[in-house]
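Subject: Structure handover, side-chain contacts

Dear colleague,

Please find the structure below, followed by notes on its side-chain contacts.

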Amino acid sequence: MLTDGVITLAVMTAGDAAALVAGEDDAIVRRLAGGPATPASAQRHIRERAEDWRGDWYRGGTKLAWGVRDAATGALAGTAEVQLVQPELPAGAANLSYSVFPPWRGRGFGSRAVALMCAFLATRTTATLAVLRIDADNAASLRVAERSGFRPAQELAGPRASMRWFAHDLRTRPASGLQSRMFCPTCGLDMYWVVADDDPVGGWWQCDDAHRWRRAFGGFAPLDP
């Protein structure tokens with residue numbers, strides 16, 4: 001599970017099937033799903049993605065998928081997934097995709113999901129590049145790419161590519177959001193990366209109790225005296 005305190009990314013279970021079907025609208029079906037979901041197809045999708053988590057993450061066709069949840073209520077607000085091996089992408093590049101259900105749009109959930117997926121890739125995988133491929137008429141997702149610090153990367157696309165490509169170098173610095181398995185040395189709570197462009201190293205680690213840390217040899221050093 002990954003969280004930034006506002007949303008949570010968690011592997012979906014059979015109990016999410018009904019919400020997965022109810023959350024789709026025409027835009028999700030057209031851009032991502034390929035066809036309307038049914039209770040049976042939703043259950044099958046959830047089972048297949050659970051198997052992907054238990055298998056080889058780098059096997060062709062594997063999709064590491066989460067449900068995007070409102071952290072306050074636990075309600076399923078969308079989906080998110082990464083592919084570590086995608087035929088159209090160079091080695092070391094991971095493909096990111098996400099959907100936000102209509103009632104939850106306009107709250108920044110897409111950008112938060114992208115940040116958490118980048119954090120996961122940077123800390124739990126060997127991926128060095130995160131890639132978003134977005135339809136040219138999908139204005140909301142184009143704004144997500146811009147807000148998330150992705151650069152236009154059409155040079156990675158084939159000559160007949162119809163989508164706009166964006167990339168983020170995962171080696172530059174941690175993305176905002178929870179970094180997996182980072183715990184505050186003072187209180188033991190999960191820590192996340194706070195982006196600060198005017199900071200000498202671009203930000204700091206912080207827990208929900210506001211303890212701030214820098215990475216140091218062998219562990220962390222407190223940012224505040």
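A charge is taken to sit over a ring if NZ of Lys or CZ of Arg is within 6 Å of the ring centre and within 35 degrees of the ring normal. Arg 133 meets this with Trp 165, its charged end lying 5.2 Å from the ring centre. The charged end of Arg 212 likewise sits over the ring of Trp 204, at 4.4 Å from the centre.

Some conventions apply throughout. The model is predicted, so local features need pLDDT of at least 70 and side-chain atom pairs count only at pLDDT 80 or more, while totals for chains, interfaces and linings use all residues. Residues are numbered from 1 along each chain as its sequence is written, and side-chain values use heavy atoms, with hydrogens and water left out.

Aromatic pairs

Rings of Phe, Tyr and Trp (its six-membered ring) pair if their centres lie within 6.5 Å; planes under 30 degrees apart count as stacked, over 60 as edge-to-face and the rest as tilted. The count by this rule is six aromatic pairs. One of them is Trp 53 with Trp 57, an edge-to-face pair with 5.5 Å between centres and 90° between planes. Trp 57 also pairs with Phe 120: the ring centres are 5.6 Å apart and the planes are at 45°, so this pair is tilted. Helices (H or I, at least four residues) and strands (E, at least two) are DSSP runs, numbered from the N terminus.

For accessibility, buried means under 20% relative accessible area, exposed over 50%, and partly exposed in between (1.4 Å probe, protein chains only). Trp 53 is buried at 19%, Trp 57 is buried at 18%, and Phe 120 is buried at 3%. Ring pairs join Trp 53, Trp 57 and Phe 120 with Trp 66 in a cluster.

Salt bridges

A salt bridge is a side-chain nitrogen of Lys or Arg within 4 Å of a carboxyl oxygen of Asp or Glu. The whole structure has eight salt bridges. Among them is Arg 112 with Asp 4, where the closest N and O atoms are 2.8 Å apart. Arg 112 lies in helix H4 and Asp 4 in the loop between strand E1 (2–3) and strand E2 (7–10), so the bridge ties together parts that are 108 residues apart in sequence. Arg 112 is partly exposed, at 30% relative accessibility.

Arg 151 and Glu 155 also form a salt bridge, at 2.8 Å from N to O. Arg 151 is partly exposed at 39%, whereas Glu 155 is exposed at 54%. Bridges with shared partners join Glu 48, Arg 49, Asp 52 and Arg 59 into one network. Within that group, the side chains of Glu 48 and Arg 49 meet at 3.9 Å, N to O. Glu 48 is partly exposed at 39%, and Arg 49 is buried at 12%.

Cysteines

With a disulfide taken as a pair of cysteine sulfur atoms within 2.5 Å, the count is zero disulfides. Cys 184 is in no disulfide, the nearest cysteine sulfur being that of Cys 187, 3.7 Å away. For Cys 207 the closest cysteine sulfur is also in Cys 187, at 3.6 Å, which is too far for a bond. Cys 184 is buried at 3% and Cys 207 is buried at 1%.

Regards
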